[in-house]
Amino acid sequence: MNVGIIGTGNMGRILAEALLDGKAVSPSSMTITNRTRSKALEIKKMFEEIYVGENGREVAERSSLIFVCVKPHDVHSVIRDISPYLTKEKCIVSITSPISVKQLESVAFCSVARVIPSITNRALTGVSLLSFGECSDYWKKQIRSLFDRISKPIEIDENITRVASDIVSCGPAFFSYITQRFILAAVKETEIDQETATTLAEEMLIGMGELMKKGFYTLPTLQEKVCVKGGITGEGIKVLENELGDVFEHVFQATHTKFKEDLELVKKHYTIQT
């Protein structure tokens, strides 16, 4: 199976490198391209057998499974540009959340899927979110198999696309920010230096992930084990309970508002027959 990737920005590159490192795809069977060609060539330096195409049309011509990893408002123009090469035997996959599978099907006359990856997939872990429309059983199986090599693939319904993406795809950035604020507060309020605090926090997160991965604790039981009644941890939890308020509710409200704006921007490009 020949795999193509159109767009090797942040997520396109993460996807390419994860699929290659996870041995889901061999370098010789992958074709990539990017508007700024140097970004695609950077990946080729690591995996010499990759073919760097001149444009999306060349990627589509050489590939049977094509990932479109561009900004939402560019997806329609990319699909329109490569449409002469999208035979019924091929499959196109978008990684952007504002464009539904039905919208993709309205402009791409081949099997269609949407996969929302996470930066955690680069470490061959975390979740990838799958959505299928009128996609052949063959391609459903192939896509699940590919992403099983680099993640835990979970199929989701359309109505939870945004919140699922917030947790899986945006979540690492949110919790990275929170952790950095945690570190800076420690530096401000105590005598610890930032480098030491950062090392301790990073190792704490890695250890916490391992505890859950190995099934020793769930999130609630982990908190229960650390938070001894009348102890220091409990005093910190009280502050969090009192001061966090509705901050996470506001986060989801903000992401959903932006999502609706993105939906309106891309909606004009797609006509869905009902």
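Start by selecting strand β2 (residues 30-33) and β3, which run parallel and are joined by two bridges. Helices (H or I, at least four residues) and strands (E, at least two) are DSSP runs, numbered from the N terminus, and two strands pair if DSSP finds at least two bridges between them. Click on Ile 32, and you'll find its bridge partner in β3, Val 52.

A quick note before moving on: this is a predicted model, where local features need pLDDT of at least 70, side-chain atom pairs count only at pLDDT 80 or more, and totals for chains, interfaces and linings use all residues. Residues are numbered from 1 along each chain as its sequence is written, and side-chain values use heavy atoms, with hydrogens and water left out.

Now bring up the whole sheet.

Strand β7 (residues 127-132) pairs with strand β8 (residues 152-155) in the parallel sense, over four bridges. Pick Ser 128 and look across to Pro 153 in β8, which stands opposite.

What does Lys 140 touch, not counting residues up to four places away in sequence? Phe 132, Gly 133 and Cys 135, where a contact means heavy atoms within 4.5 Å. The C-alpha atoms of Lys 140 and Leu 130 are 9.4 Å from each other, with the two residues 10 apart along the chain.

Next come the helix pairs. Show helix α1 (residues 10-21) and helix α2 (residues 37-46): their axes come within 11 Å and cross at roughly 20 degrees. Axes here are lines fitted to C-alpha atoms, for helices over the stretch in contact, and angles run from 0 to 180 degrees between N-to-C directions. α1 and α2 are therefore roughly parallel to each other (angles under 35 degrees count as roughly parallel, over 145 as roughly antiparallel, 65 to 115 as roughly perpendicular and the rest as oblique). Display the side chains of Arg 13, Ala 16 and Glu 17 in α1, which meet Glu 42, Ile 43 and Met 46 in α2. That contact divides into three nonpolar, no polar and three charged residues (Ala, Val, Leu, Ile, Met, Phe, Trp, Tyr, Cys and Pro count as nonpolar, Asp, Glu, Lys and Arg as charged, and the others, Gly among them, as polar).

Move on to helix α7 (residues 161-189) with helix α11 (residues 247-267). Their axes come within 11 Å and cross at roughly 125 degrees, so α7 and α11 are oblique to each other. Look for the contact residues, including Phe 174 and Ile 178 of α7 and Phe 252 and Phe 259 of α11. The residues of this contact of α7 with α11 divide into eight nonpolar, two polar and two charged.

Thr 179, Ile 183, Leu 184 and Val 187 of α7 make the contact with Gln 194, Ala 197, Thr 198, Ala 201 and Leu 205 of α8. Color these by type and you get six nonpolar, three polar and no charged residues.
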